[in-house]
Amino acid sequence: MNIAFVTAEVSPFAKTGGLGDVSGALPKALAELGHDVAVFTPFYREARQHFAKAGREPEVIVDRLELTWDSWQYDIRILASTLPRSAVPIYFFENDYLYNRESIYAYRWDGVDDQLERYAVLCRAAIRTCELLSIRPDIFHSHDWHTAALPIYLHSGLRAVENFTGTASVFTIHNLNYQGRAPASHFYALGLHERYGREDALDYYGSVLPMKAGIIFADEVTTVSPTYAREIQTPQFGAGLDGLLRSQAGKLTGILNGIDTREWDPATDRHIVSPYDADSLEEKIRCKETLSLEAGFHFDPDRPLLGVVSRLVGQKGFDVLLPMVASILASGAQMVLLGSGETDLENGFRQLSHRYPHHFRAWIQFDNALAHRITAGCDIFVMPSRYEPCGLNQMYALRYGTLPLVHMTGGLADTVVPLHGDNLDTANGFGFWELEPEHLFDTIEHAMHWFGNQEVWSQMQRNGMERDFSWASSARRYEEVYRRALASR
């Protein structure tokens, strides 16, 4: 199959979270299955900096592409490269006015929210690039609200163009809470017939909602874990679209994300002091010692070291963790944290770092190498997320023999098997079902109790390390979805 993969983020060029990781890894896994995949994305400032740091530049394919529709006109440069460690082509769309901003999702220079316009250009540029390069996609795979217009464009007449007569659409929801809502007056930026502005399409209580229309018009809809696929059909997690998702349940599939097992492999990880595998777990203690000293702690192999690597936002449950840290430390644990996000959470964790310098260390930043060292050096990896569509960090932790301690939601519930006493043959972590401070604290104490039992702990580590979280099986599931989408055409 020919697959056009259109996305707002692609790691390592530009990402804010899991969307970027998926977009950087899934196309390669699909290519390894024999499919022809091409990735399309904006040329953000972050991508420009990535190439500058690498000492190379993407190839200029088209120096000036004029995109016009209705009263809109944009000039785009098309650049090309490949995804790292692959031959998968990636096409970047360069327009400084739209994409050369201080952050990926920054508003326009004058403070105007022009996100709908920016990503309409991405979709239209992907369509035109396919035409110019004679790419005839069997599948347009769009991701989150940013590219939700692609299924609508196909429905609204694009399939009358020879290049797209047989094209089907697959729409993946990475996080339902980010829906791209815009004022009704912005509808014209999409260049669609007015019928698509009605309640059975983009209109949502007087506003434009791309996420809604993507769900309606895509031939197949996926999300990033089986549990999240069920959760978003409930009022608690449905973000106002649970009724729509229930009505579309026949074409909704939850597919657990994979991880890049070459980048995240404790046996070959260049970022850690002592590589190891399931048969040499004794080497992991050296990683813990190095991390403890880097954090400014006195190294104690018998004291559990807890770790966090995350965006510091309410979705991740850190407003619940923050007031519990002092009690956790008083119970005998040490903790390290790496991340950035909401100012009040950043400041709260900074203050704890100053108050308990020998037991708690917060790095308020993002550092990929340090993320690897924390994942390898900690005993317990804490993820108290309110909701977690998939989550990747718990899978990294499992691969590194670091036991996850998680709120049992979304992809966390699909990957972590909590120890409950009679399941030592499968248990690989610890879990709690209600996001309340006492439940979090009780689960941490439960984990700390079992940390003292080396036989149990080692068995749980091996259970986690033996799980296959590679993209190979997930890519095959996407292959099935693509076939269903084509059959529905």
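Reply: Helices and strands here are DSSP runs, numbered from the N terminus; a helix has at least four residues and a strand at least two. The model is predicted.

Start with the second largest pocket. Its space comes to about 340 Å³. The lining has 16 residues. Nearest the centre are Ile285, Pro301, Asp379, Phe451 and Gln454. Two helices, α9 (284-295) and α17 (454-465), each give at least two residues to this lining. α17 supplies the largest share, with four residues.

Now the sheets. Strands of a sheet pair through backbone hydrogen bonds, either parallel or antiparallel.

Look at the β3 end. β3 and β4 (residues 72-82) run antiparallel and are joined by eight bridges. Within this pairing, Leu67 has Tyr74 in β4 as its bridge partner.

Next, the salt bridges. The count for the model is 25. One of them joins Arg77 and Glu94, with the closest N and O atoms 2.7 Å apart. This pair links distant parts of the chain: Arg77 belongs to strand β4, Glu94 to strand β5, and 17 residues separate them.

A second open sheet has three strands, in the order β8-β10-β9, with antiparallel pairing. β8 (182-183) and β9 (203-204) stand at the edges with a single partner strand each, so one side of each has no neighbour in the sheet. Two bridges hold the antiparallel pairing of β8 with β10 (residues 207-208). Here Ala182 stands opposite Val208 in β10.

To return to the pocket: α17 gives four residues to its lining, and Gln454 is among the residues nearest its centre.

Definitions and conventions
Residues numbered from 1 in each chain as written. Predicted model: local features only at pLDDT ≥ 70, side-chain atom pairs only at ≥ 80, totals over all residues. Heavy atoms only, no water. Pairing = 2+ DSSP bridges. 1 Å grid on protein atoms, 1.4 Å probe; cavity = no way out; pocket = protein on both sides within 12 Å on 5 of 7 lines; lining within 4 Å. Points joined across faces, edges and corners; volume = space filled by probe spheres on them. Salt bridge = Lys/Arg side-chain N within 4 Å of Asp/Glu carboxyl O.
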